[in-house]
Amino acid sequence: MAESLPEHDRILQEIESTDTACVGPTLRSVYDDQPNAHQKFMEKLDACIRNHDREIEKMCNFHHQGFVDAITELLKVRADAEKLKVQVTDTNRRLQDAGKEVIAQTEEIIRCRVQQRNITTVVEKLQLCLPVLEMYSKLKEQMSVKRYYSALKTMEQLENLYLPRVSQYRFCQIMMENLPKLREEIKEISMSDLKDFLESIRKHSDRIGETAMKQAQQQKTFSTALQKQNNVNYGRNMHLGRNRILESKNEITLKRTFEDEDEHDEEVLTAQDLVDFSPVYRCLHIYSVLGDGEVFENYYRKQRRKQARLVLQPQSSMHETVEGYRRYFSQIVGFFVVEDHILHVTQGLVTRTYTDELWNMALSKIIAVLRTHSSYCNDPDLVLELKNLIVVFADTLQGYGFPVNRLFDLLFEIRDQYNETLLKKWSGLFRDIFEADNYSPIPVANEEEYRIVISKFPFQDPELDKQSFPKKLPMSQSVPQIYMQVKEFIYASLKFSESLHRSSTEIDDMLRKSTNLLLTRTLSSCLQNLIKKPHIGLTELVQIIINTTHLEQACKYLEDFISNITNISQLTVHTARLYGLSTFKDARHAAEGEIYTKLNQKIDEFIQIADYDWTMSESDGRASGYLMDLINFLRSTFQVFTHLPGKVAQTACMSACQHLSMSLMQMLLDSELKQISMGAIQQFNLDVIQCELFANSEPVPGFQGDTLQLAFIDLRQLLDLFMVWDWSTYLADYGQATSKYLRVNPSTALTLLEK
């Protein structure tokens with residue numbers, strides 16, 4: 001029992017000193033002890049409580065007065081507390097009012113912080129998207145200013161570099177969807193620009209070609225003028241007057257050439273100056289970037305081939321004017337200048353093989369067209385202009401590397417046609433000269449007129465030079481004119497031979513051949529036609545013979561003239577000779593024959609007016625009037641023949657006397673004449689005597705003895721037979737070489753005897 005009490009004290013001490021949460025185990029130990037321990041513990045607990053109450057009471061009593069004082073003080077403080085409460089409440093209210101604004105500002109700050117965070121996020125995302133947007137904006141700007149090649153490059157950067165970074169955004173998907181459309185749009189626009197370019201160069205090809213040909217011609221003209229200036233004295237061995245003209249022409253040409261060069265040096269236009277080639281470059285680059293370069297090349301070449309066919313198709317009236325040919329050549333040159341430019345500034349769009357193939361096709365077409373249209377040209381000036389255009393055309397394209405040998409071969413074909421047109425033109429000139437000629441010797445009143453004539457024609461006659469003025473040159477006005485026209489023909493022929501890239505020997509040979517054609521065909525034909533004209537009388541024929549003689553003598557001067565202008569010596573083995581000698585000889589022979597014919601015709605005219613009275617009993621004692629007129633005519637005519645070569649005059653005189661003798665014989669033997677009296681025979685004999693006297697008077701010098709009288713020997717023997725009536729002698733001596741009437745034919749004597 002005594003042991004349990006300390007245990008209870010310990011438990012109470014634990015309860016007093018232990019936290020309320022830990023009391024449970026302590027109380028449980030009370031019940032775990034001996035029976036009735038709980039009752040004992042409660043008693044012990046009550047005793048402890050009473051003990052503590054006594055202590056509290058003692059303490060309260062001890063502190064009561066202090067407590068009362070504290071309460072009193074507390075009551076005093078109560079009023080101050082109420083006042084403080086009001087103040088605190090007011091302060092709290094005011095604090096709450098002030099806090100609302102702070103809260104609002106705080107919330108605003110929080111919202112701003114959120115916005116700031118969002119803005120930072122947006123800025124970060126925008127910084128990521130901004131290059132994409134800038135590139136897309138740049139793409140749109142490039143599209144708007146038609147910088148399509150740059151736009152394609154921008155698209156590549158967008159697709160490969162920028163868009164993958166922001167592919168999660170919807171606008172990027174829209175961009176990705178738009179890029180193929182933009183590419184197709186660029187292809188369509190660039191193809192449209194290419195079509196416009198093709199149309200532009202089709203329209204401007206003539207101007208491009210004209211500019212290129214003009215530049216080539218200026219360069220060539222400048223070189224030619226310098227060469228001519230160095231050779232300005234090439235014709236000094238010919239005639240002074242002509243040389244002065246040539247020198248002045250060359251000086252003027254050179255001066256104009258220098259002036260033209262100065263003018264054109266200021267502005268030298270090229271193909272790219274006249275045409276904007278950027279569309280074709282742009283289109284080529286665009287299609288190359290898009291991987292369709294081959295498609296573009298095929299399209300471009302196909303379209304240019306079509307344009308080539310159009311350019312090569314000439315107008316139907318092209319041959320009528322030189323402008324038609326110039327426009328045709330300009331378009332072709334412009335076409336190939338553009339192709340050459342494209343060849344050198346692009347890689348693979350056109351190749352040298354392609355341009356050569358195109359040029360060969362074009363060249364065949366050009367040659368066929370020129371053959372056809374040049375055949376219609378009848379004007380030598382137009383043919384010459386065509387030749388000059390072909391030369392400039394060939395030189396221009398040759399400067400761009402195109403072979404043009406076939407064009408120069410064509411020029412030789414055109415040269416033959418040019419010569420034909422020249423021959424036709426000069427045929428008309430010769431006819432006009434012959435028509436305008438008065439066929440009388442050229443009168444010269446003074447030294448000046450004489451020098452003017454010899455400046456045009458190489459005439460030399462020492463005997464004539466000794467005569468005083470006024471005097472007459474033996475040839476007529478047509479001779480110097482014909483000679484000058486032949487030289488002009490040579491010059492005209494030389495003009496075509498220039499710039500053909502031929503040697504001087506070949507040019508000399510061509511000039512001589514063409515001059516031979518002029519002399520042997522054209523001039524010969526004109527002379528033959530002139531001689532056959534009805535209005536050309538004996539005087540004119542005599543003058544024609546004199547003229548041809550002088551022209552024949554001048555042929556050697558023409559050969560010298562050709563040699564001087566070609567600088568080829570006549571001693572060269574291959575140098576051709578002029579056939580003018582045979583031409584003028586043939587013309588002279590024809591004129592001589594025509595003289596004989598016209599003399600005979602004139603004699604026939606006189607014979608036709610003969611009016612014999614065949615039944616007259618006695619003669620009139622004098623010759624018939626018609627015969628005297630005829631003899632006077634022959635005498636005056638043969639006086640004109642004094643300027644003819646001796647054999648021509650003698651032949652004409654002999655022919656006239658023989659024809660007169662035959663005509664008189666036919667008059668006696670005319671079948672319509674039935675009866676002749678001896679008086680008529682006597683009258684007829686008087687006429688024959690006049691004829692013999694005329695023959696004996698030597699109307700033309702140079703006959704030996706009585707050669708001319710022999711023309712009337714048949715008539716004389718026949719008339720003597722009838723006048724003397726010496727039939728016995730005739731019959732006795734018939735057949736003998738010494739017969740007095742050897743020339744009397746028995747049938748002729750019988751016919752006249754019957755009459």
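Biologist: Is H373 buried or exposed?
Modeller: In this predicted model, H373 counts as buried, because its relative accessibility is 8% and the cut-off for buried is under 20%.

Biologist: And which residues does H373 touch?
Modeller: Leaving aside residues up to four places away in sequence, H373 touches P314, Q315, S316, M318, H319 and Y325.

Biologist: Where is H373 placed?
Modeller: H373 lies in helix α11, which covers residues 352-374.

Biologist: At what angle do α11 and α13 pack?
Modeller: The angle between α11 and helix α13, residues 405-436, is about 5°, and their axes are 11 Å apart. That angle makes α11 roughly parallel to α13, since angles under 35 degrees are counted that way.

Biologist: Which residues of α11 and α13 meet?
Modeller: From α11 the residues are N360, L363, S364, I366, I367, L370, R371 and S374, and they meet R406, L407, L410, E413, I414 and Q417 in α13.

Biologist: Switching to the surface, which residues form a nonpolar patch?
Modeller: F67, V68, I71, L74, L75 and V77 form one, with about 540 Å² of accessible area together. One of them, V77, sits in helix α3, residues 37-144, and V77 counts as partly exposed because its relative accessibility is 43%, which falls between the 20% and 50% cut-offs.

Biologist: What about the protein chain overall, how many helices and strands?
Modeller: The protein chain has 26 helices and 2 strands, and 42% of its 755 residues are buried. It exposes about 42,000 Å², with carbon and sulfur atoms supplying 52% of that area.

Key: Residues numbered from 1 in each chain as written. Predicted model: local features only at pLDDT ≥ 70, side-chain atom pairs only at ≥ 80, totals over all residues. Heavy atoms only, no water. Patch = residues over 30% accessible without salt bridge, like charges linked within 9 Å, V, L, I, M, F, W, Y side chains within 5 Å. Areas by Shrake-Rupley, 256 points an atom, 1.4 Å probe, with all protein chains shown as cover. Salt bridge = Lys/Arg side-chain N within 4 Å of Asp/Glu carboxyl O. Helix = DSSP H or I, 4+ residues; strand = E, 2+ residues; numbered from the N terminus. Buried < 20%, exposed > 50% of the residue type's maximum accessible area, 1.4 Å probe, protein only. Contact = heavy atoms within 4.5 Å. Axes fitted to C-alpha atoms, helices over the stretch in contact; angles between N-to-C directions. Parallel < 35°, antiparallel > 145°, perpendicular 65-115°, else oblique.
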